[in-house]
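Here are my notes on the model you sent.

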Amino acid sequence: MYLFGYGSLMNPASRALTGESGWACPVTVSGLQRYWSNVSEALISPLVVLEGDGACNGVLVKIAPDALPDFDRREAGYRRLSLDASRIALPKGIALEGPVYVYVAEDRVAPDVHKPIAQSYIDTVMAGCLRYSFDFAAEFLHTTQGWDAAYCNDRALPRYPRVAGVSDEDRVMIDDLMKTHLGQHPAEAV
């Protein structure tokens, strides 16, 4: 079976903190819109997807069926839904051999000062994107809504518990990408 990861699950080091995954491939899924949203008990506002217009890039990850409960626990606050494979733009020569699931939110709630967008979470997600390509990371920035919400630069004391796989070089590239593609760094927006 497969999971479509559109946030921290795109980062193989962060994903490994939850369970073993196998093959992973960058893809785009139609009919999903990605947002920053205050959806859980966490001290940050993570990413969510809602059904809608547009498309969302992410990573298709193969997992064993016995790993699914661990990922369900990781994604508490989300609903796991089947994703129709016809909505997934797969690279040529790739065929899926099982069901695909995505974790979705019921609704979207704007991040606030109590549960802001956290730089530690951005770093984890963007480092995962950069493992595929610079363009993949830029597409993530362009297809995510809600960058103008409350923000916290928590790099020194991360609020996000699954920060992993983020190097100093990644942080420099992430800051440059955000300034270039968002017009400003979130810290300058709020």
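1. Helices are DSSP runs of H or I with at least four residues, numbered from the N terminus. The model is predicted, with local features needing pLDDT of at least 70 and side-chain atom pairs 80 or more, while totals for chains, interfaces and linings use all residues. Residues are numbered from 1 along each chain as its sequence is written, and side-chain values use heavy atoms, without hydrogens or water.

2. Helix α4 (residues 134-143) packs against helix α5 (residues 168-182) at about 50°, their axes 10 Å apart (axes are lines fitted to C-alpha atoms over the stretch in contact, and angles run from 0 to 180 degrees between N-to-C directions). That angle makes α4 oblique to α5 (under 35 degrees is roughly parallel, over 145 roughly antiparallel, 65 to 115 roughly perpendicular, the rest oblique).

3. From α4, Phe 134, Ala 137, Ala 138, Leu 141 and His 142 meet Leu 177, Met 178, His 181 and Leu 182 of α5 (contact is heavy atoms within 4.5 Å).

4. Helix α3 (residues 119-130) and α5 pack at about 95°, with axes 10 Å apart. The two are therefore roughly perpendicular. Residues in this contact include Ile 122 and Met 126 of α3, and Ile 174 and Leu 177 of α5.
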